[in-house]
Amino acid sequence: MRGRLTLLVAAVVLPALVFAVGLSWQSYRRERASLVRQTESTARALRRVLEGFLREKEALLRGLAVSRNLETGDLADFYTQAKEALPGQDEWVVLIGPDGQQLLNTHLPMGSALPKVRFREDFRAAANAGRTYFSRLTRGPASKEWVVFVAIPIRENGELRYTLNLAMRPSAVGRA
């Protein structure tokens, strides 16, 4: 009798247990697929926002690049102009000569000693090709802070005269 009762319980409970596990597995797979779709959608939206933010910064640099002060080499007035274009503390303009020497950096007072930058190969290739460069997170050589930057080349008579850079703390990008 005990054996038959055990067999009856197993015959009833085992299929129910297998059915419950199967339903749980299907539910898990559906929820996981839904979460993956939502995450991908959010990532695409964030990418669009970030690309728009960086394109705005590129447009700002392009506006500064046609400054009469920069054309005439009046770096003191250009410093003031660039500083006024970015009133916040999380972004600053850096002007770099073709040899990598920083010529001005609005993160520091005008006339401060500025470091020479070693251009990365992909940065140099973009500048030589006349393309905008968007960096990854890197440590700024003058500020010693983690930054991302947008850089545009400024050419004169076919030669690279400057790279005009907009460095940003990650917090500036986070507010995009």
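A: E156 and R161 form a salt bridge (a side-chain nitrogen of Lys or Arg within 4 Å of a carboxyl oxygen of Asp or Glu), and their closest N and O atoms are 3.0 Å apart. The model is predicted, so local features need pLDDT of at least 70 and side-chain atom pairs count only at pLDDT 80 or more, while totals for chains, interfaces and linings use all residues. Residues are numbered from 1 along each chain as its sequence is written, and side-chain values use heavy atoms, with hydrogens and water left out.

Both partners of this pair are partly exposed (buried means under 20% relative accessible area, exposed over 50%, partly exposed in between, with a 1.4 Å probe and protein chains only). The relative accessible area is 39% for E156 and 22% for R161.

In total, nine salt bridges are present in the structure. Another of them joins R120 to D122, with 3.0 Å between the closest N and O atoms. D122 is partly exposed, at 34% relative accessibility.

R47 and E51 also form a salt bridge, their closest N and O atoms being 2.9 Å apart. These two residues lie four positions apart in helix 1, and therefore about one helical turn separates them (helices, H or I with at least four residues, and strands, E with at least two, are DSSP runs numbered from the N terminus). R47 is exposed, at 57%, whereas E51 is partly exposed, at 39%. Salt bridges also link R55, E58 and R62 in a network.

Helix 1 spans residues 2–65 and includes V12. With a relative accessibility of 53%, V12 counts as exposed. From V12 to Q81 the C-alpha distance is 82 Å, and the two residues are 69 apart in sequence.

Helix 3 covers residues 75–85, and its buried residues are L75, F78, Y79 and A82. Viewed down the axis of helix 3, these buried residues fall within an arc of 105°, so they line one face of the helix (the arc is that of the directions from the helix axis to the C-beta atoms). What covers them, by contact (heavy atoms within 4.5 Å), includes helix 1 and helix 2 (68–72). Strand 1 (91–96), strand 2 (102–105) and strand 6 (159–168) are also among the elements that cover the buried residues of helix 3.
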